[in-house]
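Morning, everyone. Please have the sequence and the model open while I talk.

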Amino acid sequence: MKNETKMERKSDRELVVTRTFNAPAHIVYEAWAKPELFKQWWTPKSFGIHMVSCEMDIRPGGSYRLVFGMSAEKAAQFGVDPSKTFEFFGKYTEIVPNTRMVWTNDEDEGGQTITTVTFEEKGGKTFVVVSDMYPSKQALDDAIASGSCEGKGETFDQLDAMLNL
């Protein structure tokens with residue numbers, strides 16, 4: 001039976017995504033903490049984007065930089081140069097191995113979004129909660145309107161598939 005990804009707007013500024021994975025917390029956490037694993041599942045395949053590079057220094061004060069590219073087909077659809085890349089970057093503010101990660105999203109215009117991910121293991125399964133706290137109601141409204149939140153279920157499906165190989 002497939003685990004369901006749930007997405008809920010908790011307030012004007014907070015979006016929470018939850019999912020249970022059929023793997024222990026240390027394995028699920030590793031998929032978030034090791035760049036070579038993270039690259040395998042983070043980008044929704046149906047979006048026509050791919051991760052060009054992934055740098056992650058997972059420790060309090062460490063930074064990350066994710067660089068994405070777009071397929072020629074998607075680039076044409078959006079009228080952008082297919083060689084153009086886009087980046088997401090920020091700093092880790094809290095790391096509790098196998099339990100919790102908190103980072104900033106510093107590429108955001110108009111303020112900083114804070115992402116908190118928790119990993120709770122019960123009976124060999126891990127319940128993951130991802131909370132994105134946006135700087136304003138408008139920033140969250142814009143993220144939802146842009147479609148950037150739509151890929152969460154697909155990325156979690158990809159993570160689930162990777163964990164169950």
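I will go from the whole chain down to single residues.

First, a caution: this is a predicted model. Keep that in mind throughout.

Let's start with the fold. How many helices and strands does the chain have? There are 5 helices and 8 strands. The order is β-β-α-α-β-β-α-β-β-β-β-α-α. So much for the order; now the overall dimensions.

The C-alpha trace spans about 50 × 35 × 30 Å along its principal axes. What radius of gyration would a compact globule with 165 residues have? The rule gives a value near 15 Å, and the chain has 16 Å, so the two agree.

Buried residues account for 39% of the 165 residues. The chain exposes about 8,900 Å². Carbon and sulfur atoms supply 53% of that area.

What about contacts along the sequence? Take contacts between residues at least 6 apart in sequence. Of those, 50% join residues at least 24 apart.

Now charge. The chain carries 19 positive and 25 negative side chains. The centres of the two sets lie 3 Å apart. Here is the general idea: side chains of opposite charge can pair when their charged atoms come close. How many salt bridges does a search of the whole structure find? The search finds 11. I will show you some of them.

Please find E87 and R65. They form a salt bridge, and their closest N and O atoms are 2.2 Å apart. Where do the partners sit? E87 is in strand β5, residues 85-96, and R65 is in strand β4, residues 63-70. They are 22 residues apart, and the pair links distant parts of the chain.

Move on to E94 and R100. Their side chains meet in a salt bridge, at 3.0 Å from N to O. E94 has a relative accessible area of 31%, which makes this residue partly exposed. R100 is partly exposed as well, with 28%.

The next pair is E120 and K122. Their closest N and O atoms are 3.3 Å apart, and they form a salt bridge. Look at the accessibility here. E120 is partly exposed, with 40%. K122 is exposed, with 60%. The cut-off matters for that label: exposed means over 50%.

Now a backbone detail. Go to N98, in the loop between β5 and β6. Strand β6 covers 100-105. Phi of N98 is near 70°. That is a positive value in a residue other than glycine. N98 counts as partly exposed, at 32% relative accessibility.

Last stop: I49. This residue lies in strand β3, residues 49-56. Which residues does I49 touch, leaving aside its neighbours within four places in sequence? The contacts are T43, P44, G69, M70 and F86. Now compare sequence with space. I49 and K74 are 25 residues apart in sequence. Their C-alpha atoms are 7.8 Å apart in space.

To recap: we have seen a predicted chain with 5 helices and 8 strands, and a search that finds 11 salt bridges. Thank you.

How values were computed
Residues numbered from 1 in each chain as written. Predicted model: local features only at pLDDT ≥ 70, side-chain atom pairs only at ≥ 80, totals over all residues. Heavy atoms only, no water. Helix = DSSP H or I, 4+ residues; strand = E, 2+ residues; numbered from the N terminus. Rg over C-alpha atoms; globule rule 2.2 N^0.38 Å. Buried < 20%, exposed > 50% of the residue type's maximum accessible area, 1.4 Å probe, protein only. Contact = heavy atoms within 4.5 Å. Areas by Shrake-Rupley, 256 points an atom, 1.4 Å probe, with all protein chains shown as cover. Lys, Arg positive; Asp, Glu negative; His and termini not counted. Charge placed at Lys NZ, Arg CZ, Asp CG, Glu CD. Salt bridge = Lys/Arg side-chain N within 4 Å of Asp/Glu carboxyl O.
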